[in-house]
Amino acid sequence: MKLFLDTANLEEIREIKKWGVLGGLTSNPTLIAKEKPDDIETYMKELCAEVDGPVSLETTAVKADEIYEQGIRLSQIAPNAVVKVAMTPERLVEQDIPVNVTLTFSPAQAILAAEIGATYVSPFLGRLDDAGADGMHVLWEICEIYEVQGYDTLVLAASLRHPMHVVEAAQAGADVATMPYEVFAKLVKHPLTDIGLEKFLADWNKLEKELKEGA
Ligand code: G3P
């Protein structure tokens, strides 16, 4: 399973890149608006240049024709741009443009995404949980259907809120897990690791002190 960062913040991208595990990036209109860029397209180019992997850039148009036109423009921003679109992406797929079908909340929507040949389908686990549904169960269903049907569309588990979402997405067989910086940072943490490091360091310092005093 590849790990993607869900952000539009360049500093967060640079930080996670240093870890050597950044497989790609997902952005959305809310995340880009948060960064208040002077020029949206220039900023999207910067995001794509920062990441060695696919970068999802989302359409904001409402009508099918306009979504198509905007999708074409977004796909030309950089070679690693993936067009993130909530609906009617079939014309973009026909043009061989990599599409990420976003805001997916049901296996039925995921079947449609696969049937039109989308590159990614993005079930939003956290938002399903927020609505009183079971996001992880929906992810399992989608992964199972894709396995049984032999679909090529990659399952990109999105709206992940904590490390267990990431672990369970891996168990379910998701191809990608995208998560905000805070969740990425929590993946590395375990209280026993911190306690262990503290103890090793204390023992080492004690030994060095003893050796120095004995010399
Ligand atoms: O970018 C898509 C998605 O991961 C958003 O997550 O936490 O806003 O539901 P969230």
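Is Phe184 buried or exposed? In this predicted model, Phe184 is buried, with a relative accessible area of 1%. The sections below set this residue in the context of the whole chain.

The secondary structure of the protein chain comprises 11 helices and 8 strands. Its C-alpha atoms fill a box of roughly 80 × 40 × 30 Å along the principal axes. Of the 215 residues, 44% are buried. The accessible surface comes to about 12,000 Å². Carbon and sulfur atoms account for 55% of that surface. Contacts also reach across the sequence. Among those between residues at least 6 apart, 55% join residues at least 24 apart. The charged side chains number 19 positive and 35 negative. The centres of these two sets lie 8 Å apart.

The structure holds 4 aromatic pairs. One of them joins Trp19 and Phe184 in an edge-to-face arrangement. Phe184, at 1%, is buried.

Another edge-to-face pair is formed by Phe105 and Phe124. Here the centre-to-centre distance is 5.8 Å, with 70° between the planes. Phe105 lies in the loop between strand E5 (99-104) and helix H6 (107-115). Phe124 lies in the loop between strand E6 (120-123) and H7. The pair therefore ties together parts that are 19 residues apart in sequence. Phe105 is partly exposed, with a relative accessible area of 29%. Phe124 is buried, at 7%.

Helix H9 spans residues 163-172. Its buried residues are His165, Val166, Ala169 and Ala172. They lie on the same side of H9, because they cover an arc of only 125° around the axis. Several elements contribute to the cover over these residues. Among them are the strands E1 (2-6), E7 (154-157) and E8 (176-179). The helices H7 (125-130), H8 (135-149) and H10 (181-187) also take part. Just after H9, Gly173 adopts a positive phi of about 100°.

Conventions
Residues numbered from 1 in each chain as written. Heavy atoms only, no water. Buried < 20%, exposed > 50% of the residue type's maximum accessible area, 1.4 Å probe, protein only. Helix = DSSP H or I, 4+ residues; strand = E, 2+ residues; numbered from the N terminus. Arc of directions from axis to C-beta. Contact = heavy atoms within 4.5 Å. Areas by Shrake-Rupley, 256 points an atom, 1.4 Å probe, with all protein chains shown as cover. Lys, Arg positive; Asp, Glu negative; His and termini not counted. Charge placed at Lys NZ, Arg CZ, Asp CG, Glu CD. Phe/Tyr/Trp six-rings, centres within 6.5 Å; stacked < 30°, edge-to-face > 60°.
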